[in-house]
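Me: I have a model open and want to go through its structural details. Can you walk me through them, beginning with the sheet?

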Amino acid sequence: MVAVGFLPFRLTFLSIQLQSSSSHSHSHSHLNYNQPTAIKARGSHIQIQSSPPRVFVISDLHTDYSQNMAWIHSLSTTLYQNDLLLVPGDVAETYNNFFSTMSILKLKFRHVFYVPGNHDLWCRHHNFNHTDSIEKMYQLLDACKTLGVKTSPEIIDGLGIIPLFSWYHQSFDTEKDITSIRIPSLEMACKDFHACKWPGELSSRDLSLALYFDTMNEKSYDQIKKIQSVCRQIISFSHFLPRQELCPEKRMLFYPNLPKIIGSNYLENRIRSIHGDSGSISACHVFGHTHFCWDAVLDGIRYVQAPLAYPKERKRRMNGGENWLPFCIYANCGLTGRQSPCYWSDYYSNNAREPENTELAPWVAKFYARR
């Protein structure tokens with residue numbers, strides 16, 4: 001997620017347990033998907049059968065916060081042993097916390113997939129040897145390789161998983177700007193401009209970073225084509241947003257210029273090349289970054305965000321707390337039902353988007369009136 005100084009934004013390892021217990025509680029979002037095995041009696045014998053693997057998603061772990069690291073530790077050590085976890089970036093700022101977090105997740109899930117987020121590439125702490133954010137990214141990818149965490153497309157039990165590298169560019173934002181209030185500059189509001197360090201040819205102020213990260217996906221071209229040819233179900237994921245419609249309108253945001261630092265048009269082009277221009281009932285893309293719980297279908301593709309987010313955001317129950325996480329997106333060989341409640345995607349399922357409307361929402365107008 002973008003860090004703003006003045007205000008935060010809104011398969012199986014078989015075991016028979018005599019008592020049903022878990023170190024992490026779960027809400028109605030995926031209660032039906034938490035049983036990893038089926039038990040059948042045949043004569044005097046009991047057969048334990050593995051269920052097909054499930055896919056869980058959770059973004060924006062931010063385990064530099066001790067509360068978030070404790071939450072990762074609290075995940076069940078038995079419940080997910082047959083399952084996949086997709087982690088769409090922003091694991092931790094420091095290398096040590098990143099390595100610890102991914103190590104824990106790899107112990108709890110059979111497969112873990114990851115793509116970098118912006119916080120992962122911050123270079124504010126000098127506890128590891130990296131000269132810039134690109135070098136740090138490759139050190140994180142090397143760490144994933146060491147741990148067995150996957151960062152490239154793979155087929156798992158007939159299911160295609162495609163991580164997509166990306167970065168944002170300001171021209172992603174095509175909706176009308178808010179001009180009735182004085183909005184802090186991107187450099188003031190977004191810590192990326194100071195915490196990330198880029199080689200001379202790359203910059204957050206043009207298309208160069210978005211193009212650089214998008215080009216990284218080219219190395220997986222052949223594997224993606226193979227996945228398309230053999231997999232009925234494909235789930236892609238990224239840290240950043242592929243469409244502006246996956247973020248509330250500017251008039252609804254405490255930082256109305258947020259859309260300039262959240263997404264990439266190149267990313268949506270990649271997703272459409274994978275899932276098709278018209279999508280399908282099995283097309284799904286998972287993302288992170290903005291910390292808004294989201295579940296919506298746009299032009300035939302289901303877009304999902306399931307963030308852990310910051311402790312203070314969970315305390316305010318901005319996304320309904322934490323008991324529904326990680327969210328199960330795939331079970332019983334198909335996509336699961338829609339996650340709910342999802343405040344903003346629920347809102348836009350009932351209300352048309354009005355990008356030309358620049359009248360501030362009451363809570364935004366009140367905030368800027370106080371400044």
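**The open sheet**

Reply: In this predicted model, five strands make an open sheet with mixed pairing, in the order E5-E4-E3-E12-E13. Strands (E, at least two residues) and helices (H or I, at least four) are DSSP runs numbered from the N terminus, and two strands pair if DSSP finds at least two bridges between them.

Me: What are the ground rules for numbering and confidence?

Reply: Residues are numbered from 1 along each chain as its sequence is written, and side-chain values use heavy atoms, with hydrogens and water left out. Local features need pLDDT of at least 70 and side-chain atom pairs count only at pLDDT 80 or more, while totals for chains, interfaces and linings use all residues.

Me: Ok. Which strands stand at the edges of the sheet?

Reply: E5 and strand E13 (334-335) do; each has a single partner strand, so one side of each lacks a neighbour in the sheet.

Me: How many residues sit between E12 and E13?

Reply: Two, in a hairpin; Asn332 in the turn has a positive phi of about 55°.

Me: Is strand E12 (residues 327-331) mostly covered or mostly open?

Reply: Mostly covered: five of its five residues are buried. Buried means under 20% relative accessible area, exposed over 50%, and partly exposed in between, using a 1.4 Å probe and protein chains only.

Me: What about the faces of E5?

Reply: Both are covered, with His111 and Phe113 buried on one side and Val112 and Tyr114 buried on the other. In a regular strand the side chains alternate between the two faces of the sheet.

Me: How does the chain get from E4 to E5?

Reply: Through H2, in a right-handed β-α-β crossover. Right-handed means that, with the strands pointing away from the viewer, the path from the first strand over the helix to the second runs clockwise.

Me: What span should helix H2 (residues 95-108) have?

Reply: Its 14 residues at 1.5 Å a residue should span 20 Å, and the end C-alpha atoms are 20 Å apart, which agrees. The expected span is 1.5 Å times one less than the number of residues.

Me: Which residues of H2 are buried, and what covers them?

Reply: Tyr95, Phe98, Thr101, Met102, Ile104, Leu105 and Lys108 are the buried ones. Their cover includes helix H1 (66-74), strand E4 (84-87), strand E5 (111-114) and H3.

Me: Switching to the core. Which residues touch the most other members?

Reply: Phe213 and Ile235, in the largest nonpolar core, which has 108 residues. Helix H3 (residues 133-147) gives the largest share of this core, seven residues. A nonpolar core is a set of buried Ala, Val, Leu, Ile, Met, Phe, Trp, Tyr and Cys residues joined through side-chain atoms within 4.5 Å.

Me: What does Phe213 contact?

Reply: Leaving aside neighbours within four places in sequence, Phe213 contacts Leu121, Ile134, Met137, Phe165, Ser166, Trp167 and Trp198. Contact means heavy atoms within 4.5 Å.

Me: Now charges. How many salt bridges are there?

Reply: A search of the whole structure finds 20. A salt bridge is a side-chain nitrogen of Lys or Arg within 4 Å of a carboxyl oxygen of Asp or Glu.

Me: Take Arg54 and Asp83. What does that pair tie together?

Reply: The side chains meet at 2.4 Å, N to O. Arg54 lies in the loop between strand E2 (45-50) and strand E3 (55-57), and Asp83 in the loop between H1 and E4, so the pair ties together parts 29 residues apart in sequence. Arg54 is buried at 4% relative accessible area, and Asp83 is buried at 2%.
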